[in-house]
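This briefing concerns a sheet, the helix packed against it and the salt bridges of one model. Please consult the sequence and structure shown here.

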Amino acid sequence: MAFVRNLLGAKNILGRSVTAAAAARKRSTSAVPKGFLAVYVGESQNKRYVVPISYLSQPSFQALLSKSEEEFGFDHPMGALTIPCPEDTFIDVTSRLQ
């Protein structure tokens, strides 16, 4: 009987730690630091990037956003800006920004 109680206690502790870890992971992946914005990049599969807001004033980044507007309008199904370009193009453009 004591074995069953110990087993149930261990299961409750494990369940709470797994739940806490999942909640922490969700907060860390969905939180965007102040001064940054989340964008999804890709043509078929979208990958999430967090970029500085200062990119919004850069002409090359604005060109990517214009393409996004043409493709998706202002309805972004992923919950953040979606930029429909190849990931390597996005990385190339943003690596040149300051």
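Strands β1 and β3 pair in the parallel sense over three bridges; strands are DSSP runs (E, at least two residues), and helices are such runs of H or I with at least four residues, numbered from the N terminus. Two strands count as paired if DSSP finds at least two bridges between them. The model is predicted: local features need pLDDT of at least 70 and side-chain atom pairs pLDDT 80 or more, while totals for chains, interfaces and linings use all residues. Residues are numbered from 1 along each chain as its sequence is written, and side-chain values use heavy atoms, without hydrogens and water.

**Sheet and helix**
- V39 stands opposite L81 in β3.
- Helix α3 (residues 87–95) packs on the sheet and touches β1, β2 and β3, contact meaning heavy atoms within 4.5 Å.
- The open sheet has three strands in the order β2-β1-β3, with mixed pairing.
- Its edge strands, β2 (47–52) and β3 (81–83), each pair on one side only.

**Salt bridges**
- The whole structure holds two salt bridges, defined by a side-chain nitrogen of Lys or Arg within 4 Å of a carboxyl oxygen of Asp or Glu.
- K47 and E87 form one of them (3.5 Å, N to O), and this pair joins strand β2 to helix α3 across 40 residues.
- R96 forms a salt bridge with D92, with the closest N and O atoms 3.2 Å apart.

**Exposure**
- R96 is exposed at 62% relative accessibility, whereas D92 is partly exposed at 34%.
- Buried means under 20% relative accessible area, exposed over 50% and partly exposed in between (1.4 Å probe, protein chains only).

Definitions and conventions
Axes are lines fitted to C-alpha atoms, for helices over the stretch in contact, and angles run from 0 to 180 degrees between N-to-C directions.
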